[in-house]
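Q: How should I read the main features of a model like this one? Please take me through them in turn.

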Amino acid sequence: MNTRRVYKENVYLKELNAAVTGVRTDHGRTLITFDQTIFFPTGGGQSHDIGKIIWNSKELNVTDVYEYDGEIYHQVETNLPGNPHSHVEGNSNAEQKEAFGLSKGDEVRMLIDWNHRFDNMQRHCGEHILSGAFYKLYRGINRGFHMGKDYMTIDISLEDSQFDKITWELAKAAELETNRVIWENLPVITTHYDTKEEASKEPLRKELKIPEDITIVRIGSFDNPSDAVACCGTHPSHSGQVGMLKIYKIEPNKGMTRIYFDAGERAFTNYQREFDILTEISNKLSAGKDDLLDKFQSMEVHTQGIKDKLHSLERILVDSRAEAINSSLIGVEPGAFVKVYDDIAKDIVQAIGRHFTKSHPLSDDILLVLSSWTETFAILYASSASKFHCGDIVKDLGRSRGGKGGGNKTSAQVTFSSSEELNDFLRQVKSL
Ligand SMILES: [Zn+2]
């Protein structure tokens, strides 16, 4: 028996009484069918309804709804309180019926999650109007639709268009046209046709793919529609209920343009969130929103000036420290020469080492060790003819003390997790 689809007759019905026509399990899922339903099954790019089934003061959550062979299956959560068969996979039909106390012929009250449904209706209808606008303005054809959690996308193809590219300006014009259609509060008319021939009389923006049993959703009049397309989803009765639509971004995708957008309450809450972010930034910068871009650009110039100054100061620091090492090494005893910097970061210590070794050849009997105390880091240098092997020292004395690092004969580095470990390592190196 085919389930009567009451959501098609009245999309605004939030509650309904229905009689159970079957309870079954399939791969651990519990599925119930009814003589009629207000639960929309997944289809046409729209997700299924969620909600509750209530009977004898018991409640079941409906977690999935799908259509198969004319029947609409309602998958329910089976972990009822006190149900001994909760979470047990593979129960027989008889056990399930007993567990629920629900069987064929029982009357239940069904309730859909209206916020979830209305959200779907707003978004789906918004997508229709936007696709219609791209078609009307540019003969752009919607070749793909996705309804995601954070946004929706459509892929617009310009194969039949005089335009060769959808620019941000063109997208914004389609967005404005869409919102005008919303403000006009046009009727959204859903008509069922038995054959493709009959349905083709509608002013369609897209060719029909199925031969029979076709539902056409038209927004506006027959002579001047904002959109008309085959669709089995749920839509509000008037375009005004979509509320608003906002395009977030556009990008090329497989020779088409992918449009990211949202509609209804989701678009509005996103606008609120972004407005709050903008307000916070403008408060922090003590600038009006209209002056933010100018302010940001002057800050970029200012930041670049600071970076340039910092860079030249770094060069002076690196030069002078490298020269200081050179002076200290004159006449020094053979062995390890350790220099610990307690106020210089790791990357500057590395730069000092690089600068020094590039301009001053190390004597064969010296192991040069530069260390950043703040970052518990050390870098070792030796000449290629030296008895010291930097990589081996890090391996033998560094890693055994918890250090992480490595290197080759002439250069190696190691980082410790504590100053005690670094100190211990440097003490060992000094005694080499
Ligand atoms: Zn639709």
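**Reading the features**

A: Begin with the metal. The zinc ion is coordinated by His124 (ND1), His128 (NE2), Cys231 (SG) and His235 (NE2), at 2.0 to 2.2 Å. Keep in mind that this is a predicted model.

Q: What geometry does the site of the zinc ion have?

A: Ideal angles at a metal are 109.5 degrees for four tetrahedral donors. Here the angles among the four donor atoms run from 95 to 120°, and the site is tetrahedral.

Q: Which spacing do the donors of the zinc ion follow along the chain?

A: The pattern is H-x3-H-x102-C-x3-H. Within it, His128 and Cys231 link distant parts of the chain, 103 residues apart. His128 sits in helix H3 (residues 114-138), and Cys231 in the loop between strand S13 (225-230) and strand S14 (245-253).

Q: Is Cys231 buried or exposed?

A: Cys231 is buried, because its relative accessible area of 11% is under the 20% cut-off. His128 is buried too, at 1%.

Q: How many salt bridges does a search of the whole structure find?

A: Side chains of opposite charge can pair when their charged atoms come close. The search finds 20 salt bridges. One of them pairs Arg205 with Asp227, with the closest N and O atoms 2.4 Å apart. This pair links distant parts of the chain: Arg205 is in the loop between helix H5 (196-199) and S12, and Asp227 is in strand S13, 22 residues away. Arg205 is buried at 11%, and Asp227 is buried at 3%.

Q: Which residues join Arg401 in a network of salt bridges?

A: Start with the pair Arg401 and Asp424, whose closest N and O atoms are 2.9 Å apart. Salt bridges that share partners join Arg401, Asp424 and Arg427 into one network. Asp424 is partly exposed, at 24% relative accessible area.

Q: Which residues make the nonpolar surface patch?

A: Phe268, Tyr271 and Phe275 make a patch of about 310 Å². Phe268 is in helix H6 (residues 265-284). At 40% relative accessibility, Phe268 counts as partly exposed.

Technical notes: Residues numbered from 1 in each chain as written. Predicted model: local features only at pLDDT ≥ 70, side-chain atom pairs only at ≥ 80, totals over all residues. Heavy atoms only, no water. Donors = N, O, S within 2.8 Å, 3.2 Å for Na, K, Ca; no water. Tetrahedral: all angles 85-135°; square planar, octahedral: opposite > 155°, others 65-115°. Helix = DSSP H or I, 4+ residues; strand = E, 2+ residues; numbered from the N terminus. Buried < 20%, exposed > 50% of the residue type's maximum accessible area, 1.4 Å probe, protein only. Patch = residues over 30% accessible without salt bridge, like charges linked within 9 Å, V, L, I, M, F, W, Y side chains within 5 Å. Areas by Shrake-Rupley, 256 points an atom, 1.4 Å probe, with all protein chains shown as cover. Salt bridge = Lys/Arg side-chain N within 4 Å of Asp/Glu carboxyl O.
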